[in-house]
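Let's take a friendly walk through this model, starting with its strands and ending with its aromatic rings. Please keep the view open as you read.

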Amino acid sequence: MSIIPENLAAEASIPTQRLSLDLMTVAEVDALIIQTRRPDWAEDFPQPTDYDAARQFFEAGLLGPAASFGTRLIRELSTTLVVGTIGFAGVPDEGTVEVSYSVVPSSQGQGYATEALVALARFALTHPEVDTIIAYTEPGNDASQSLLLSAGFMPVEESELTLQFALRRDQLPEASR
């Protein structure tokens with residue numbers, strides 16, 4: 001497995017108006033896996049889901065050329081603090097990737113998750129091997145459902161335990177393609 005060097009991780013960031021979606025460096029993945037705090041993390045980062053994302057990122061081998069389809073840190077530009085994670089559960093499979101996201105409680109309600117999700121979706125859908133992005137949420141998680149709808153995702157499947165949402169390349173506004 002190849003490793004993303006610190007300098008290449010910074011070059012592969014996805015910028016938004018208020019955020020930077022940064023590929024995780026080996027040091028950041030290690031810190032999450034062994035649950036060590038870093039000075040550039042918000043006080044309430046990481047959350048339990050962030051530890052899980054780092055472990056999955058590592059176990060899936062997403063620390064090399066496939067890293068762009070791994071987990072990214074959501075960094076607030078005004079403070080340079082990491083306030084969450086966003087990324088994919090793996091490389092595209094038959095044109096589909098699954099996205100997940102988490103923003104710390106202290107940064108919720110500011111539109112960061114929507115901003116990050118829209119940027120990451122646009123990034124993914126520029127890759128010819130990606131036609132559809134899916135996301136899962138719980139039926140009672142109204143905030144997540146609202147976020148997905150705001151980002152252009154549409155509900156496609158429902159069960160007692162999960163709701164599946166999808167965003168296809170042809171659903172992006174022309175300016176985003």
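Strands β1 and β2 make a hairpin, with three residues between them; helices (H or I, at least four residues) and strands (E, at least two) are DSSP runs, numbered from the N terminus. This is a predicted model, in which local features need pLDDT of at least 70 and side-chain atom pairs count only at pLDDT 80 or more, while totals for chains, interfaces and linings use all residues. Residues are numbered from 1 along each chain as its sequence is written, and side-chain values use heavy atoms, with hydrogens and water left out.

**Around β2**

Strand β1 (residues 14-15) runs antiparallel to β2 and is joined to it by two bridges; strands pair if DSSP finds at least two bridges between them. Ile 14 has Leu 21 as its bridge partner in β2. With β3, strand β2 also pairs in the antiparallel sense, here over five bridges, and Ser 20 stands opposite Arg 75 of β3.

How many residues of strand β2 (residues 19-23) are buried? Five of the five are, so β2 is largely enclosed by the rest of the structure. Buried means under 20% relative accessible area, exposed over 50% and partly exposed in between (1.4 Å probe, protein chains only). Leu 19, Leu 21 and Leu 23 point one way from the strand, whereas Ser 20 and Asp 22 point the other way.

**Aromatic rings**

The structure holds two aromatic pairs. Rings of Phe, Tyr and Trp (its six-membered ring) pair if their centres lie within 6.5 Å; planes under 30 degrees apart count as stacked, over 60 as edge-to-face and the rest as tilted.

| Pair | Centre to centre | Angle of planes | Type |
|---|---|---|---|
| Trp 41 and Phe 45 | 5.1 Å | 80 degrees | edge-to-face |
| Phe 69 and Phe 88 | 5.5 Å | 50 degrees | tilted |

**His 127 and its surroundings**

His 127 sits in the loop between α4 (112-125) and β6 (132-137). Neighbours within four places in sequence aside, His 127 is in contact (heavy atoms within 4.5 Å) with Phe 69 and Arg 169.
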